[in-house]
Amino acid sequence: MVYSALLIALFLALGSAPARGFHKQQGNLLKPEPVEFPGHSEESSRPNIVFILTDDQGDQHMPKLAKYIASEGINFTNYITNYALCCPSRTTILAGMCSHNTGVVGVGGDMNIYNPLGGFNRFNDQGLEKKTGPLHLQQAGYRTGLIGKYLNGYTRETAFHVPPGYDRWFGIGEIDYYNWTASDQASGVNTEWGTAEEDYSTDVLTRKAVEYLHQYEEDKRPFFLYLAPYACHRPHVPANRHIGALKGLKVPRVASWNESGEHLSGKVAFLRDLPPVDEETARALDFEYQTRAETLLAVDDAIEAVVQALEDIGQLDNTYIFYTSDNGYKLGHHRLAGKMSAYENDIRLPFYVRGPGVPRGVELTHLVGNVDFVPTWLDLAGVEDPHASTRDGISLAPILRQEPVFDNPDSHRVGILIEKPTTTGIIDEHVSVIVPPAIDVLNDPFTGRRPVRLPNGSWPSEVVEREFLGKHFNEETQKRLEGSWYFGYEKLAGYQKYLELAKKEGLALDGVIKAANEIFPVAYFGLRTQSAKGKYKYIEYPSGYELYDLDKDPHETRNIFEEAAPRLIAELQNALSLLKVCRGASCHVRSLNVLEL
């Protein structure tokens with residue numbers, strides 16, 4: 001059975017879009033019980049925290065980000081996401097745990113797609129709402145707010161639910177740049193937004209964020225703001241004022257872009273057989289690069305508005321501002337598009353921090369990740385974490401405070417786990433065969449979702465078939481040209497707007513469709529190292545291994561697994577075997593002997 005059959009549910013479309021400028025209120029929200037906190041009206045010296053999270057961002061052309069955050073703080077050049085996919089990454093951010101510990105290992109719930117291993121419902125079923133960083137900040141007296149995208153699967157049907165831990169909730173329940181739904185805690189109902197210029201989602205979220213910050217004038221509690229615009233996620237529709245602002249911007253033609261057949265032959269699984277990027281697809285990918293960057297110009301405006309609001313309320317110097325994305329994105333790199341891979345384009349992301357005591361205009365090579373946010377936020381706020389033993393990250397507060405670790409990156413971490421424990425990340429009944437058995441079977445997040453061997457010890461044929469869905473990749477890519485080609489989203493207003501923009505540029509629809517193929521149909525575990533002695537990327541797939549020396553080969557075009565020193569392979573494999581089942585402090589890789597070679 002090929003994956004067109006397995007993913008048939010992806011190609012469903014939902015009903016009609018709201019009329020232009022229509023703001024419909026519907027339903028009543030189920031809110032958590034209000035909590036009273038000591039010192040509600042007293043101004044606190046504790047720092048505020050603003051966390052800005054974009055969607056699918058790799059490169060950036062954002063002058064205001066550079067002006068207001070990068071030049072005023074730290075640029076972490078080795079920031080790694082644990083699982084390069086929206087919902088698993090956002091889960092890790094909120095819970096401070098690797099995906100193999102959260103159990104949220106895919107998207108799901110959007111467009112009527114049911115994925116038992118991913119999405120908002122999975123997050124809730126795993127009890128993670130009771131473990132988030134914002135909840136513990138609220139319980140410690142912080143005023144907390146989430147404005148923007150929450151989790152995949154948080155839709156019109158589930159947006160009545162307001163998670164615990166937020167004094168202000170404006171969560172996007174149906175995501176797009178236009179024609180979108182918000183779960184608005186302030187009004188007590190869901191609101192729908194249409195196609196008027198003022199309905200552009202990034203701008204609406206900016207206004208809501210500024211309103212939230214100005215509430216400090218009446219409520220002097222320290223505050224936490226999680227601001228999550230949809231940009232620069234597909235369909236990459238810029239605000240009207242930014243359409244064409246970066247016309248002509250193209251994907252940099254680095255060594256991995258449209259990678260050579262010689263280099264691909266050293267990779268594993270379906271990657272070896274990928275066709276070259278043709279001219280019409282290349283043009284579509286360049287246009288995506290341009291429009292993605294243009295959607296981020298509205299985020300740039302949001303950054304300026306947030307900084308101005310903080311200055312207006314006198315709290316800019318007492319506020320940490322974090323800026324990053326959930327995952328990166330490929331645009332023809334390794335002849336692929338989209339996310340989910342273990343390659344640098346997907347896992348290594350922009351990450352900037354400014355705040356009290358943070359040095360200005362500094363680049364740091366420390367190996368940090370999205371598992372680190374919850375420990376960092378609670379540390380900066382002086383809040384004791386009741387789940388500290390099961391947090392997989394390391395606080396960045398000592399780095400931000402310029403403690404000794406600031407000058408010694410290797411003392412923070414020299415290795416970090418990257419993982420994709422499922423085959424598709426979109427619809428998966430069970431995790432991959434490469435996921436090791438649980439050490440603590442009573443707390444196994446994959447109970448009932450592990451493949452079962454036959455009595456003779458072999459895997460059932462349907463399990464093997466699913467592990468190697470990639471062998472159908474090229475034929476499925478061709479089939480996309482004949483039917484629903486972006487999970488049904490291509491029928492919605494946002495994508496129709498993007499297609500209009502693409503048509504004006506003279507782009508062929510076939511090129512747009514091929515450029516939108518985000519599937520990466522293979523599971524993996526990987527280890528990304530960073531040390532003064534060197535940096536490596538080691539990846540294990542069901543069908544083989546890849547190893548890259550990132551100092552010599554930063555674009556990962558030459559797999560050196562077959563020629564690498566046995567000691568290097570052995571140590572990387574041993575470290576990764578421990579990380580696959582790590583929990584808490586065992587996820588902290590502070591030394592690798594092999595890096596001393």
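1. The lining of the second largest pocket has 14 nonpolar, nine polar and six charged residues. Here Ala, Val, Leu, Ile, Met, Phe, Trp, Tyr, Cys and Pro count as nonpolar, Asp, Glu, Lys and Arg as charged, and the others, Gly among them, as polar. Please keep in mind that this is a predicted model, in which local features need pLDDT of at least 70, side-chain atom pairs count only at pLDDT 80 or more, and totals for chains, interfaces and linings use all residues. Residues are numbered from 1 along each chain as its sequence is written, and side-chain values use heavy atoms, with hydrogens and water left out.

2. Of the 29 residues lining this second largest pocket, Gly-58, Asp-59, Glu-344, Asn-345 and Arg-348 lie nearest its centre. Helix H9 (279-312) gives the largest share of the lining, four residues.

3. Now to a pair of helices. The axes of H7 (residues 201-214) and H9 come within 9 Å and cross at roughly 10 degrees, so H7 is roughly parallel to H9 (angles under 35 degrees count as such). By class, their contact has nine nonpolar, three polar and two charged residues.

4. Which residues of H7 meet H9? They are Thr-202, Asp-203, Thr-206, Val-210, Leu-213 and His-214, and their partners in H9 include Ala-298, Val-299 and Ala-302.

5. Finally, have a look at Thr-155, in the loop between strand S4 (143-149) and strand S5 (168-174). Thr-155 is buried, with a relative accessible area of 4% (buried means under 20%, with a 1.4 Å probe and protein chains only). Leaving aside neighbours within four places in sequence, Thr-155 is in contact (heavy atoms within 4.5 Å) with Gly-109, Asp-110, Gly-173 and Glu-174.

How values were computed
1 Å grid on protein atoms, 1.4 Å probe; cavity = no way out; pocket = protein on both sides within 12 Å on 5 of 7 lines; lining within 4 Å. Helix = DSSP H or I, 4+ residues; strand = E, 2+ residues; numbered from the N terminus. Axes fitted to C-alpha atoms, helices over the stretch in contact; angles between N-to-C directions. Parallel < 35°, antiparallel > 145°, perpendicular 65-115°, else oblique. Buried < 20%, exposed > 50% of the residue type's maximum accessible area, 1.4 Å probe, protein only.
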